[in-house]
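This briefing sets out selected features of one protein model, grouped by topic. Please consult the sequence and the structure while reading.

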Amino acid sequence: MADPRIDSLVSRIIENPPVKSHQFDAFITIPNGTLYDVNTAFSLPVVSFSTGTRSLEIKEYAYYGVKRKIPYKRKYGNLAITFKLAQDGKIQKVIEEWMDLLINPVTDILTEFQKMSTGRVTLQERRFNNKAHNWLSGPRYEFFEAFPIEILPILFSNEEKNSTVNYEVIFAYKDYKFDN
């Protein structure tokens, strides 16, 4: 006879499986208003992403006695997204055009803020429902006023085995919202 505690544990895991880090959708909106579903528009899905940090800037303050740390401003880090680089280089072209929209590559003049601030990156996790055998939407991260600030070097190598080339982009953003 099976132990009821184990049966209970198994049923809870089946009802609420752990998040699998490789199951998410990505959407990018660039300042010209174009929305890209990254998994379909570029024929290759996003490989990985790391959510940016969120912290508070603090100052030490003392008024007769022990110094205290007082928060005074929100502070955000950067968002890193790794794409598979396709043969046609679509994602590479879009990201580089986006960077050219921000700062004109010929004149080095910054685009006016109203146009620049419309960039957005949305990352939506997906979970598989074992009972219904379908996908459910999971938590969503939405990054506002996002724009690419750095394209990391692309590593090409002569390997005997088949391998893919990754294209990693670092984004800055003003704020993000987490929906569960």
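Leaving aside its neighbours within four places in sequence, which residues is Leu79 in contact with? In this predicted model, the contacts of Leu79 beyond those neighbours are Phe49, Ser50, Thr51, Gly52, Val121, Leu123, Phe143, Val169, Ile170, Phe171 and Tyr173.

**Nonpolar core**

- The largest nonpolar core has 28 residues, and Leu79 is one of those that touch the most other members, together with Phe83, Trp98, Val121, Phe143 and Phe171.
- Two or more residues of this core are given by each of β1, β6 (79-84), α3 (90-102), β7 (120-129), β8 (134-144) and β10 (166-172).
- Helix α3 provides the largest share of the core, namely five residues.
- Val121, Phe143 and Phe171, listed among the core residues that touch the most other members, are also contacts of Leu79.

- Four strands form an open sheet in the order β3-β6-β10-β9, and their pairing is antiparallel.
- Strands β3 (46-50) and β9 (147-151) are the edges of this sheet, each pairing on one side only.
- From one strand to the next, the twist averages 25 degrees.
- The antiparallel strands β3 and β6 are joined by four bridges, and Ser50 stands opposite Ala80 in β6.
- Ser50 is also among the contacts of Leu79.
- Helix α3 lies across β6, β9 and β10, and its direction makes an angle of about 115 degrees with β9.

- Strand β1 (residues 24-29) is mostly covered, with five of its six residues buried.
- Strand β1 runs antiparallel to β2 (residues 35-37), and three bridges join the two.
- Ile28 has Tyr36 as its bridge partner in β2.
- Five residues lie between the strands of this hairpin, in which Gly33 adopts a positive phi near 95 degrees.

**Surroundings of Asp175**

- Asp175 is located in strand β11 (residues 175-179).
- A polar contact of 2.8 Å links the side chain of Asp175 to the side chain of Tyr76.
- Leaving aside neighbours within four places in sequence, the contacts of Asp175 are Arg54, Arg74, Tyr76, Glu142, Phe143 and Phe144.

Technical notes. Residues are numbered from 1 along each chain as its sequence is written. This is a predicted model: local features need pLDDT of at least 70, side-chain atom pairs count only at pLDDT 80 or more; totals for chains, interfaces and linings use all residues. Side-chain values use heavy atoms; hydrogens and water are left out. A polar contact is a pair of N or O atoms within 3.5 Å; within protein, one must be able to donate a hydrogen and the other to accept it, and residues adjacent in sequence count only if both atoms are side-chain atoms. Contact means heavy atoms within 4.5 Å. Buried means under 20% relative accessible area, exposed over 50%, partly exposed in between (1.4 Å probe, protein chains only). Two strands pair if DSSP finds at least two bridges between them. A nonpolar core is a set of buried Ala, Val, Leu, Ile, Met, Phe, Trp, Tyr and Cys residues joined through side-chain atoms within 4.5 Å. Axes are lines fitted to C-alpha atoms, for helices over the stretch in contact, and angles run from 0 to 180 degrees between N-to-C directions.
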